[in-house]
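Here is a short report on a protein model. It takes the pockets first, then the helix contacts, then the sheet.

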Amino acid sequence: MANGGPVEHGYPHLDTVRAAITALYKRLSYDTIQAFATSVAPVDVAFCDTDDLHLGAQRVARELVRHYRLPDARMIVGFREMTQAANVELAAGPEYFIELNDRFRTHRRDIGAALAHEVMHVYLHRLGLSFPGTRDNEILTDTAATYLGAGWLLLDAFREDAASSQKLGYLTPEEFGYVLAKRAQVFGEDPSVWFTSPQAYSAYAEGRVRARRDEQQPPLTAAGWAGRRRYARDRRHAQDLRSAAPLSGVPSGVPYAFTPDGREPLRVSFPCPTCHQRIRVPVRGRVRARCGLCRTVLECDT
């Protein structure tokens with residue numbers, strides 16, 4: 001939790017975020033992810049200063065349990081002084097003890113954001129899905145909460161001005177925006193209407209630009225002129241290498257890679273812009289590819 005200190009910006013964790021989206025699709029399946037088409041509604045996690053602190057926190061926790069489809073889980077929420085924003089004890093269940101930073105006693109509108117992250121820890125724990133290392137596992141948790149419809153609360157808790165700052169979660173604001181935009185592309189949502197923080201809206205707009213860039217990379221037909229020109233050059237180079245010797249050259253700084261396939265035509269692999277699972281297709285001009293993981297149909301010019 002950044003509380004008055006500097007807030008990291010940009011996309012330093014983007015590779016891990018993309019790996020987390022792929023892991024979600026692999027572990028949950030396309031059909032399960034589609035069941036999260038509706039995000040948590042602001043009214044369901046609203047918290048007024050006049051609400052009872054503990055009863056209100058329990059109510060919001062129950063709503064997130066319902067959203068994540070954990071009907072047999074009970075969250076016991078308490079408050080204490082600590083450095084981090086929150087903590088959850090991942091026991092066998094069905095009761096889980098969540099501790100929130102005492103700061104939330106007076107910043108109640110952000111309790112939903114903190115609980116969205118902690119209840120997702122329980123969800124992933126039950127799934128048996130984790131990444132090695134604390135940092136990557138926390139990034140997985142933020143990404144999963146956001147992609148499954150509750151992480152917009154974490155981005156909305158981001159506020160920054162010349163005198164103060166606040167941010168929850170391990171992703172940067174722009175990375176939260178990126179994942180939200182990825183979700184919006186799948187479900188046709190517009191999360192920007194829920195933001196109360198102008199800084200959150202700006203971060204979402206930045207992340208949306210980055211997310212759209214994933215759909216404009218060759219060999220996708222939506223790629224721009226410069227990308228298509230470089231792709232054609234790299235393809236010629238790969239074909240020359242293949243005819244002269246075993247193919248070993250892989251273009252640097254681009255998402256695609258050319259690989260031989262025995263006596264078959266040269267193939268190109270590239271990440272699916274939806275789930276980032278790599279797709280491999282023949283190099284033979286116009287091709288329609290379907291991602292086997294997220295079922296996205298992609299128009300390619302290989």
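## Terms and basis

Helices (H or I, at least four residues) and strands (E, at least two) are DSSP runs, numbered from the N terminus. The model is predicted: local features need pLDDT of at least 70, side-chain atom pairs count only at pLDDT 80 or more, and totals for chains, interfaces and linings use all residues. Residues are numbered from 1 along each chain as its sequence is written, and side-chain values use heavy atoms, with hydrogens and water left out.

## The second largest pocket

A pocket is found on a 1 Å grid over the protein atoms alone, with a 1.4 Å probe; it is an open set of points with protein on both sides within 12 Å along at least five of seven lines, and its lining residues have an atom within 4 Å of a point. Grid points are joined across faces, edges and corners, and a volume is the space filled by probe spheres set on the points.

The second largest pocket has a volume of about 310 Å³. It is lined by 16 residues. Nearest its centre lie Ala86, His117, Glu118, Glu138 and Tyr170. Strand 3 (86-88) and helix 4 (111-127) each supply at least two lining residues. Helix 4 has the largest share, four residues.

Residue classes work as follows: Ala, Val, Leu, Ile, Met, Phe, Trp, Tyr, Cys and Pro count as nonpolar, Asp, Glu, Lys and Arg as charged, and the others, Gly among them, as polar. By this scheme the lining of the second largest pocket has nine nonpolar, five polar and two charged residues.

## The largest pocket

The largest pocket has a volume of about 380 Å³. Of its 16 lining residues, Arg18, Asp214, Pro255, Pro271 and His276 are the closest to its centre. Helix 1 (14-28), helix 8 (198-214) and strand 8 (264-271) each give at least two residues to the lining. Helix 8 gives the most, with three. The lining divides into eight nonpolar, two polar and six charged residues.

Axes are lines fitted to C-alpha atoms, for helices over the stretch in contact, and angles run from 0 to 180 degrees between N-to-C directions. Contact means heavy atoms within 4.5 Å. A crossing is right-handed if the near helix is turned clockwise from the far one by less than a right angle, and left-handed if anticlockwise.

The axes of helix 5 (residues 134-147) and helix 7 (residues 173-187) come within 9 Å and cross at roughly 35°. The crossing is right-handed.

The axes of helix 1 and helix 7 come within 10 Å and cross at roughly 35°. This crossing is right-handed. Leu14, Val17, Arg18, Ile21 and Tyr25 of helix 1 touch Glu175, Tyr178, Val179, Lys182 and Val186 of helix 7. The contact has seven nonpolar, no polar and three charged residues.

Two strands pair if DSSP finds at least two bridges between them. An open sheet of three strands has the order 2-4-3, with mixed pairing. Strand 2 (74-80) and strand 3 are the edge strands, each pairing on one side only. Neighbouring strands are turned by 20° against each other on average, direction ignored.

Strand 2 and strand 4 (residues 95-101) pair in the parallel sense over seven bridges. Phe79 stands opposite Leu100 in strand 4. Helix 4 lies across strands 2, 3 and 4, at about 145° to strand 4.
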